[in-house]
Amino acid sequence: MIRTAEPAAAVAALALTVLTALSAPAAGGAATTATGGTATAATATAPAADPLAELRRRQPAWHACRTGPEDTAGAELDAAGARCTEVTVPLDYQHPDGRTLDVALSRLPATDPAHRLGTLFYNPGGPGVPARHLALALGRAAPALAARYDVVGMDPRFVGASTPLDCGWPTSGPGSAGPTRATFDRSAELAKDLAARCAPYRAVLPHVSTRNTARDMDLVRAVLGEPTIAYLGSSYGSYLGEVYLQLFPEHVGRAVLDAALDPDRFGPDLTATQGSAIDAALTAWAQWTARHEDRHHLGTSTAEVLAAVERIRLAAGRAPLTVGTHRVDARALPQVLWAVSAGDDTAAYTEFAAVVRVLLDAAEGRTAVEPTALLEAVLTGLEAPDTGGAAAVQTAIMCADRAASRDPLAYYRDVQAHRADEPLFGPLTRNLTPCTYWPAQPAEPPTRVRNAVPVLLVGADGDPAATRAGQLSAHHALAGSRLVTLRGAYRHTVYAGLFAPRDACVDAVVDRYLLAGALPAQDTDCLAARP
């Protein structure tokens, strides 16, 4: 999970990042009150009125998913037999009788209804990635699950087909801090401008939180008439699952968190933990590339290949690189090279090596340098405005989950302190975000995740975004969890090949748990195949 909304072509693989009592009851929980005088037994035990009762009772109006002739995703859902609907939820669960909004969802019915196990909610990550259509991708990648479960993909609040929030951003984010104080200051000004463009929505922004999305999920569960749900969350979807487990443990049957994020750190500064992990992924790619010098001409040793990447970094710091119609400066370069996390098999490594070869040609002053298809898609995405508000909502979710430092220079000092050990990715992962200037504060403290609900965690030990340390933190916070580690892998997410190369060992453990309820007796490892 990187700070900016990743371009689709590069980021299909990234997809893809503290128990706090509320002053008001959580959705679905029992309310308690304190009054003066002596309470009678009747008044002390009387159940509180359910403020969400009316919303829970509403029957979903299922309809075709396609919204118009250009809606190819909706057409695919319709062709697969899915139905779509919208569920009304409160903007603020502490004031459920106030403003409402709609969350959109799709439901793919189990293909083997005679052996149906229930409903499985799927969140592919982000934050801010629409799930309605990607529920179809899960069904195709894991047909055994699609046979036994109704698969539900819910677009989180303000995402995709749900009630929108679009700040009109001209770009997806401030990018890297660059090599100098001047380039840092420019990134800070851009972050400040982006935050200011969201100021008209300051009344809404405190409620664009993972905690409220978890409450939305539970309201949808109730509307669907399900006493419990199964859950599969990848990347940010793992954090959503962690929060849901904490708020509604009694409503979870089986849950799998793929590439689990540290629940004690999730927020706008989580990326500061990723520098060494993405460097390790780059080194693993360089080791492979050095064995294929005859094809990629980037060096015959790991050190030589990494030296070529360093020459690109230094050249982009001096002047933007010309690649086709694009200019790749120091702000954009680390975002481009983040594509190394797109996978760790031969196909992904070959594609990334071709990108680096083009950038090196540009850095060495060759003329008429044209981008590869992947590089063209990445650069086009980075240069495009934030159409539909995807990046703004991604940022809004993180800003609402955990407050960021309001001191811009704290980020500059952090970048400077890590220039030596993280020269390429540190200025990106440690840079400030619009949250530093955000026009609203979180409505609630971060969720402290501490429970013993049985849950399966799976992840790669070299995951560049959901770091190994973060996975272990999630494992510790979820005392009832079992952790399956894909050893020797540098990929983000590991189940079913949805966003990275698939692994049969991991798939077998996940399928056995979701289909038969067989949680591993202890933590275990799978060994990744290396290209």
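Predicted model: local features only at pLDDT ≥ 70, side-chain atom pairs only at ≥ 80, totals over all residues.
**Aromatic pairs**

One of the pairs I looked at is Tyr236 with Tyr239, with ring centres 6.5 Å apart and 50° between the planes. That pair is tilted. I also checked where the two sit: both belong to helix H9, and since they are three residues apart there, about one helical turn separates them.

**Helices H8 and H9**

The axes of helix H8 (residues 210-223) and helix H9 (residues 236-247) come within 9 Å, crossing at roughly 70°. H8 is therefore roughly perpendicular to H9. I noted the crossing of H8 over H9 as right-handed.

Which residues of H8 and H9 make the contact? On the H8 side I listed Thr210, Arg211, Thr213, Ala214, Arg215, Met217, Asp218 and Arg221. On the H9 side I found Tyr236, Tyr239, Leu240, Val243, Tyr244 and Leu247. Both tyrosines of my aromatic pair are thus on the H9 list. Sorted by class, the contact holds eight nonpolar, two polar and four charged residues.

**Helices H10 and H12**

Next I looked up helix H10 (residues 275-290) and helix H12 (residues 302-318), whose axes come within 8 Å and cross at roughly 115°. The crossing of H10 past H12 is right-handed. H10 brings Leu282, Thr283, Trp285, Ala286, Gln287, Thr289 and Ala290 to the meeting, and H12 brings Thr302, Val305, Leu306 and Val309. I asked myself how many charged residues the contact of H10 with H12 has. There are no charged residues, with seven nonpolar and four polar residues making up the contact.

**The sheet**

Then I traced the sheet. Nine strands form an open sheet with mixed pairing, in the order E1-E2-E4-E3-E5-E6-E9-E10-E11.

Strand E3 (residues 118-123) runs parallel to strand E4 (residues 149-154), and five bridges join them. For Leu120, I found Val151 as the bridge partner in E4. I then asked what helix H20 (residues 504-516) touches on the sheet. H20 packs on the sheet against E3, E4, strand E6 (252-258), strand E9 (455-460), strand E10 (481-487) and E11. The direction of H20 makes about 165° with that of E6.

Last, I checked two spots in the backbone. Gly126 and Pro127 are joined by a cis peptide bond, with omega about 0°. I placed Pro127 in the loop between E3 and helix H5 (134-141). Ala259 has a positive phi of about 65°, although it is not a glycine. I placed Ala259 in the loop between E6 and H10.

Note on methods:
Residues numbered from 1 in each chain as written. Heavy atoms only, no water. Pairing = 2+ DSSP bridges. Helix = DSSP H or I, 4+ residues; strand = E, 2+ residues; numbered from the N terminus. Contact = heavy atoms within 4.5 Å. Axes fitted to C-alpha atoms, helices over the stretch in contact; angles between N-to-C directions. Parallel < 35°, antiparallel > 145°, perpendicular 65-115°, else oblique. Left-handed = near helix turned anticlockwise from the far one by under 90°. Nonpolar A, V, L, I, M, F, W, Y, C, P; charged D, E, K, R; others polar. Phe/Tyr/Trp six-rings, centres within 6.5 Å; stacked < 30°, edge-to-face > 60°.
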